[in-house]
Amino acid sequence: MRKADLGKMIEVLAADVVMSDPHDLQAVGRMMEAFGKIAEGAPGKFPLLGKMAAAALAMAEDMIVQSPEQAAQALNTLADTVAAMQVALCRTEQEAVALVPAALGIETPAGEADEAESVAGGNPIAVDDDILAEFLSGQESVMEELEGLILDADKDGLNDERRSAIKRIIHTIKGETGMLGLNEAQRLCHETESYIEAGGNGQTVDKLLSVKDWLNTTFQTYTSRGIVAVDAGEVLKLFEAGSETAEPEVADPAGGEEDKFEAHGIALVDADPGLLQDFIAESRGHLDNADVQLLTIEGEPEDQEALNALFRSFHTIKGSAGFLELTDISELSHVAEDLLDKARKGALMLGGPVVDVIFESVDALRRLLDAVEKALVTGEPVDPDKELPALFTHLRLALSGQAGEETAVAPVAPDKRLGEILVESGSTSEQEVKEVLTAGDGKVKLGEALVQEGKVKASEVAGALRAQKKARGAAGTADAVRVRETVKIDTDRLDKLLDVIGELVIAESIVSQDDEILDDASHRVTRNMRQLHKITRSVQELGMSMRMVAIKPTFQKMARLVRDLARKSGKNVEFVTNGEDTELDRSVVEKINDPLVHLVRNSLDHGIEDDPQQRVAAGKPALARVELRAFHRGGNIFIEIADDGRGLDRDAILEKAREKGVVEDGSELSDKEVFHLIFAPGFSTAKKITDVSGRGVGMDVVKRNIEALRGNIELISKPGEGTTVSMQLPLTLAIIEGLIILVGRERYIVPTLSVIESMRPTKDDVSTVNGRSEMLKVRGALMPLYRLSKIFAIPGAEQDMQEALVMIVESQGKQVALMVDKLLGQQQVVIKSLGRGMGKVQGISGGAIMPDGRVGLIMDIGEVVKLAVSANSVLKAAPPVADRQEALVAQPA
Amino acid sequence: MATCETGATGLKSAENRVGDVDLAEKYLTFELAGEEYGIEILKVREIIGLLSITPVPRTPEYVRGVINLRGKVIPVVDPKLKFGMPRTEDTRETCIIVVEVSHAGEAISTGILVDRVREVLDIKSEDIEDAPEMGESVETEFIRGMGKTGDRVSILLDIDGVLTGGELEQLKKTKEG
């Protein structure tokens, strides 16, 4: 058998072992078959693997005749065995030795490898490049997810849901890095995992962020520079120092409550055996009923009738148990009843985790009833149920809404070990886990240790497995809607596809605008052409949508930035995001990051008042608010950042502008115009204005970046009420809305966004300065007038001002007039580069294929104006066109 | 026609760097102002008829402009102007040879405007002579050698040099200046 086949088989097996129920004979049969095949097929290279498979086969055979408890335990051992087999196959058998469960009863080769030792080495071993690349390419999104979770935890507290989600991610990374031999990362993940399991302490979020940052940097280093030795010592120190002073309860909101509950055990004092027997029988009936109702609710959380029935069951048990002084039972059903009551009132959503907790309660009640029965028969008191405190914690957590926030439970990875599953499903508490961990010095696997030390009964482990399976089943339907299957595609290929789609669109328009088609096509051809047009458009739209990504990761980065800045400056800021699912072109998302960082920084540094008292005095809440939102409007994307800080100081800006001569004395400016001044390059660096207005650092850079994205930026501010910066961005960088203009025989495309208006001037509107530079008067305002034909040296252009057309364009905050021959129309065009052989051409930002198949050039208005200005100022010095050509021809020599 | 033969091999052009040994290759010959020139067939992507060329402002004169090559925009260079030969009117036989050269690790497609495409010639390396010194007035920088077939002589161009070799940088400098 080949190694790959073997690996696949073990993978299937791993899923089987985790998913299946010890009583599911079919599954056991499947496992036996697989173990048998592996035992036979394992190549000589893997002696341990073969041995393990053989032992596992024997164990699985025994399972069929064993009691449920024994079988469940055997299943655990099998799961661990499969995990060890995976390590043996993917890494080395040496490392697997330490993982072979003792219960398997096979002799492992001498020289027991210490797992902790083997992972501590700083230098990684050689790794399969493909696997590594695959792993690294996936890490970016994993890191984003992790950061999002940590930040959520920072905002709303680290509840069980988030804790286990974070742990799941860390655990997965640990496993993967372990397999890849990235030892430092694995070690860090291991420590982090233990830390989270131990409950963390007050600085949990900071530490987790440090871990995330370290991992992120490391993975990026790996991506860019290959595997190099890294050192996680610094980050690891965090945990050493932290664990000494760790107060597990601090971060655990329910930690304090856990102590309040004490299981009483079953002591039957002065109880009527007849009544008790009736109670047991009756309650069992209720519990059976509860199971049915729970299953209904799992499928249909809204089912009020099932919920009421469930509530009644618990209520009845509670009443009878209280009467019979069965404290444990009555208290447990009481809390469960509270939980259900909350759900009944609509204050709580009965989602996966909550339903799980109730399932657990039902199981616990069954156990308690069994205990009562036993006590009744033997007459001996029964010890308190060890599981109850943990269950109570879970119930209380659920009651406070923390376990029920998310309705869907993320599926557990098939290779997840039982220990993790136990904690996640809530069958055991962090406290117990912690105890076991401390006892085992962090080197023992939880599930095994828990069972061995008797912390958890094997049947409960099996129950946890089942509960987990149920949770997975419950989540399955929700996930089917939410999580879509995706395929990773090389961006090059995607771009090529878009190119081809572009060609298709062009070809289609060339055909449909052909004279022969336009003039004398039959009705049938016209109809077919229309159909073709429709399909082409939808292909184009689909293609474009493939480049779209949600802005969420960017917003998340900003959330982190706000958090860090707020902490540094000691300001209390609430950060709100809206519309983070808004999709933007990949390239826009990449480029929007820097401007956003600038703006967020400005909002926090300057916008938000330093002293909360100032805010209170101004009648605002002490907690400042910064909002980042994204939304669609009219074919554009808007990204806005709003704060409720002190706002811009209009007078100060104006004063400074007058001082600098940017604004003439006495001229009346609108608020908008005044605020726009801060985008002017010189302005931003002026220290005085920055201090007074509280804005402006690098605002010109922000504006330039946004303009480079062919976007617009606007600023609305009210003194004392806050500032909103609104950025309008195109949906995609690949398409542009342009005006087609004609100069001479050449067509050019001018981005519609840069054109303010176009007009045909009268003779009186134009005046000449020094007999050369021309000025245009538009509604009393003078602006320079440039002829495009001159700037681009286009022959045969219209020279008569009255026959030509003038476009008023804005560049660098100034309005200038550009003279062209004619406006041909408005059109959406797909932007293409002029080919790498051409390089950058000043004044031209790219080309577009026009409907007739020719190339049209897209003008970069900003550069065109710059060219015009420099040409005007050095007109005398600049060599005429003929000279320039001569120089060029001479150059190749 | 040469187009078909070149399609498959053109891709390799980037790796197939020159070296005197490799000169025994196939060459595509074409006409510029009556003279016969040749370029390695490995560099040729395809040959297309004259398309409508969009002139690009503020570029050297020998850059005739850009064309739409099946949705891709590529520049078209007129070697005659580059070599200081007189500009001639385009005729029905005027063709654009699309060549792919690698520059700074990137494959760059460029169109070369020629008066007429002639044929594909086998020229062995021993039949290639260094370009003779012809004094200051003759441009020899981009000539790889003179290829002899029978009594014919073709001027073999170093097309990478023509299109890249410091040329792009110069082009940029010109534009900036």
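A: Let us begin with a definition: the expected span of a helix is 1.5 Å times one less than its number of residues. Please keep in mind throughout that this is a predicted model.

Q: Okay, so how many residues does helix H8 of chain A have, and what distance does it reach from its first C-alpha to its last?
A: Helix H8 of chain A, residues 160-180, has 21 residues, and it reaches 30 Å from its first C-alpha to its last, which is close to the 30 Å expected.

Q: Is H8(A) enclosed or exposed?
A: H8(A) is largely enclosed by the rest of the structure, because 17 of its 21 residues are buried, where buried means under 20% relative accessible area.

Q: And what follows H8(A)?
A: The helix is followed by Gly181(A), a residue whose phi is positive, near 75 degrees.

Q: Switching to strands, which strand does S17(A) pair with, and in what sense?
A: Strand S17 of chain A, residues 844-849, pairs with strand S18 of chain A, residues 855-859, in the antiparallel sense, and five bridges link the two. Within this pairing, Ala848(A) stands opposite Gly856(A) in S18(A). The hairpin they form has five residues between the strands, and there Gly853(A) takes a positive phi near 90 degrees.

Q: Why is S17(A) described as largely enclosed?
A: Five of the six residues of S17(A) are buried, so this strand is largely enclosed by the rest of the structure.

Q: Now chain B: what is the order of the strands in its six-stranded open sheet?
A: The order is S8-S1-S2-S11-S10-S9 in chain B, and the pairing is mixed. The edge strands are S8 (116-123) and S9 (128-129), each of which pairs on one side only.

Q: How many bridges join S1(B) to S8(B)?
A: Six bridges join strand S1 of chain B, residues 25-32, to S8(B), and these two strands run antiparallel. In S8(B), the bridge partner of Glu31(B) is Arg116(B).

Q: Where is Thr94(B) found, and is it buried or exposed?
A: Thr94(B) lies in the loop between helix H2 (79-82) and strand S6 (95-103) of chain B, and it is buried, with a relative accessible area of 4%. Its side chain reaches the backbone nitrogen of Thr91(B) at 2.7 Å. Leaving aside residues up to four places away in sequence, Thr94(B) touches Gly49(B), Leu50(B), Leu113(B), Val114(B) and Asp115(B).

Q: Last one: how many disulfides are there over all chains?
A: The count comes to zero disulfides over all chains. As for individual cysteines, Cys189(A) is buried with a relative accessible area of 0%, and Cys95(B) is buried with a relative accessible area of 14%.

Definitions and conventions:
Residues are numbered from 1 along each chain as its sequence is written. Chains are lettered from A and ligands numbered from 1 in the order in which they are written. This is a predicted model: local features need pLDDT of at least 70, side-chain atom pairs count only at pLDDT 80 or more; totals for chains, interfaces and linings use all residues. Side-chain values use heavy atoms; hydrogens and water are left out. A disulfide is a pair of cysteine sulfur atoms within 2.5 Å. Buried means under 20% relative accessible area, exposed over 50%, partly exposed in between (1.4 Å probe, protein chains only). Helices (H or I, at least four residues) and strands (E, at least two) are DSSP runs, numbered from the N terminus. A polar contact is a pair of N or O atoms within 3.5 Å; within protein, one must be able to donate a hydrogen and the other to accept it, and residues adjacent in sequence count only if both atoms are side-chain atoms. Contact means heavy atoms within 4.5 Å. Two strands pair if DSSP finds at least two bridges between them.
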